[in-house]
Amino acid sequence: MIARRNLLVGGAGLLLAGCDRVVQIPAARSILFKGEDMQRGLQRALMDRGALAPEFRPDQMSPIFRANGTHDPGTPAYAAMVANQFADYRLQVRGLVDRPLSLSLAQLAAMPARSQITRHDCVEGWSAIGQWQGPLLGTLLKAAAMRRSARYVVFTCADLFNGTPYYESIDTVDAFHPQTILALKMNGTRLGVAHGAPVRLRVERQLGYKHAKYVMAIDAVASLDGIGKGKGGYWEDNVDYDWYAGI
């Protein structure tokens, strides 16, 4: 894991926000976060999952905000969506819900939106402050009448890895966090391709690899067992990243 370090933003030193000290020790994380049920319980015991991530002033925004992960899915289907400015895009909300949704970008944009200026902390060691705007994820899950049996929310994306769509997941605690949004705009303008257009998850209490880009579908599920190799995300399955990447 990345050690805590001082980051210079706009000339001022900002300490990288972190989890409890116990959770920051790699060996402790490995022991504590083994097993799905144990992980959920210990996360709640060790940290305040409802706490807000720091928010910043417009003058503290980074002049350059690097794109992380995939910069363009590069598939014919995605290229066609870009070409028609996502007019045919539909976000599917499904799984353990009573009212499955299929929402256009215009419908998403018409929902009440939250705007927040937050710091993106990448597992590669860089950070940047930017503004994000879009509807709360919780608003969509409530509109879809997510069932009480759902414990996780899985995001399926437009970018492919070895022919398989990229995927990521969070639990229902983070899904209904007041800063967890489906960002449609970045720094006041519509998301660009490199930053995840047309829809990007922002889950501000976690590291950047959890912020799924190019979101196409959202599934409410009871378990992560049937998702990829069972660890809940592409990087978790293939590079052994922590499923819970709290900061």
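Colleague: Which residues have the most contacts inside the largest nonpolar core?

Modeller: A nonpolar core is a set of buried Ala, Val, Leu, Ile, Met, Phe, Trp, Tyr and Cys residues joined through side-chain atoms within 4.5 Å. Buried means under 20% relative accessible area, exposed over 50%, and partly exposed in between, with a 1.4 Å probe and protein chains only. Here the largest core has 54 residues, and those with the most contacts inside it are Leu 91, Leu 108, Leu 137, Phe 155, Leu 182 and Ile 218. Strand S7 supplies the largest share of this core, six residues. The model is predicted: local features need pLDDT of at least 70, side-chain atom pairs count only at pLDDT 80 or more, and totals for chains, interfaces and linings use all residues. Residues are numbered from 1 along each chain as its sequence is written, and side-chain values use heavy atoms, with hydrogens and water left out.

Colleague: Is Ile 218 buried or exposed, and which residues does it touch?

Modeller: Contact means heavy atoms within 4.5 Å. Ile 218 has a relative accessible area of 1%, so it counts as buried. Not counting residues up to four places away in sequence, its contacts include Leu 91, Val 93, Leu 137, Phe 155 and Leu 182. The C-alpha atoms of Ile 218 and Leu 140 are separated by 9.6 Å, although these residues are 78 apart along the chain.

Colleague: In which strand does Ile 218 lie, and in what order do the strands of the open sheet follow one another?

Modeller: Strands (E, at least two residues) and helices (H or I, at least four) are DSSP runs, numbered from the N terminus. Two strands pair if DSSP finds at least two bridges between them. Ile 218 belongs to S13, residues 215-221. The five-strand open sheet runs S4-S3-S13-S7-S8, with mixed pairing. S4 (101-103) and S8 are its edge strands, each pairing on one side only.

Colleague: How many bridges join S7 and S8?

Modeller: S7 (residues 152-161) pairs with S8 in the antiparallel sense over seven bridges. Tyr 152 has Asp 171 as its bridge partner, and Phe 161 stands opposite Thr 164. The two strands form a hairpin with two residues between them, and Asn 162 in the turn has a positive phi of about 55 degrees.

Colleague: How many of the residues of S8 are buried?

Modeller: Six of the eight residues of S8 (164-171) are buried, and the strand is mostly covered.
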